[in-house]
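Q: I am new to this structure. Please show me how to read a few of its features.

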Amino acid sequence: MNVTLQELAGHLGAELKGDPGVKITRVNTLDKAGPGEVAFLSDSKYRHLLAETKAAAVILKAEDSVACPVASLVMADPYLGFALAAQRLDTTPAPAVDIHPSAVIAEDAVLGEGVAIGANAVIESGVVLDAGVIVGPGCFVGKNTRLGARTRLWANVTLYHNVVLGSDCLVQSGAVIGADGFGYANNKGEWVKIPQLGGVVIGNRVEIGACTTIDRGALGDTRIADNVIIDNQCQIAHNVEIGYGTAMAGGTIMAGSLKVGKYCIIGGASVFNGHMEICDGVTITGMAMVMRPITEPGVYSSGIPLQTNKEWRKTAARVMRIDDMHKRLSRLEKQLDKKD
């Protein structure tokens, strides 16, 4: 795939400085790009690479264009430009093309125009696949599930019954959506399963990473709003609600009935308690343990940053003594109060 610089500038909404007829075939980094490739400069710490770049063109800000030795695509947000250029030059193959003869499709399933279904996929009764949906090989789409227009499932995705995905969603391989939530009663030491009778409702333009699991609701639905991005190997329990535009990095765990607001940023390997609410605009740094509700926007962290083993052993030893130190400090404060 290739485009001219003029075509690419139009796609990005960028100002072109240079030969509009130059052909571009791919995106690369400033230091590795060569002829036919476009690079980008969005972080000032890489500005020193600009003078030596061999790229055919660079996406950058206006203040950097004067020092650019090659053609430039000038825009306010070069990182956005990188994303748009990568989309335009994307060569990722489709998860499936046409309908493979080995796919098993229920007679009453409704397939929109241009639907593609890969080898050995199973489409159960009552399923609706809107126009342009792509179901990769080995996928299972359970009863009465609906996929919106242009949604794509990569290989071996499992969607249980009564799951709804909106339009333009992307689900990576191995994801499981709609499995039972972890609901049990205890009868004298014996676990009694609580059937999970809700569903999963996912909005438009949602991306779900590989091997992520999203459990169905116990009674109501687990809900994920539009424009949410979820990384690989995350666990979202039953009846969780995630607000518009929230981003979640890999390995995050959310317990049941958690509510997360709009535009939250959640660092990798974070853990959330259930039955509480996180307000809009919260950033959680990686490996945080969120045990209480958050009611004010801001950046929140927990845990101990990496130290050498020797330093960590000292820190851990001191942490174990905190309760004793607190009691001693309280006694000293009382003694000082008496002297006053």
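Predicted model: local features only at pLDDT ≥ 70, side-chain atom pairs only at ≥ 80, totals over all residues.

Q: Which residues of helix α1 are buried?
A: Helices (H or I, at least four residues) and strands (E, at least two) are DSSP runs, numbered from the N terminus. Buried means under 20% relative accessible area, exposed over 50%, and partly exposed in between (1.4 Å probe, protein chains only). In α1, residues 5-12, the buried ones are Leu5, Leu8, Ala9 and Leu12.

Q: Why do the buried residues of α1 line one face of the helix?
A: The arc is that of the directions from the helix axis to the C-beta atoms. Down the axis of α1, the buried residues fall within an arc of 100°, so they line one face. Exposed Gln6 and Gly10 are on the face turned away from that buried side.

Q: Is serine 72 buried or exposed?
A: Serine 72, in strand β7 (residues 71-74), is buried, with a relative accessible area of 2%. Contact means heavy atoms within 4.5 Å. Leaving out residues up to four places away in sequence, serine 72 touches Glu15, Leu16, Lys17, Val58, Leu60 and Ser65.

Q: Where is glutamine 233 found?
A: Glutamine 233 is in the loop between β27 (229-230) and β28 (235-236), and is exposed at 58% relative accessible area.

Terms used. Residues numbered from 1 in each chain as written. Heavy atoms only, no water.
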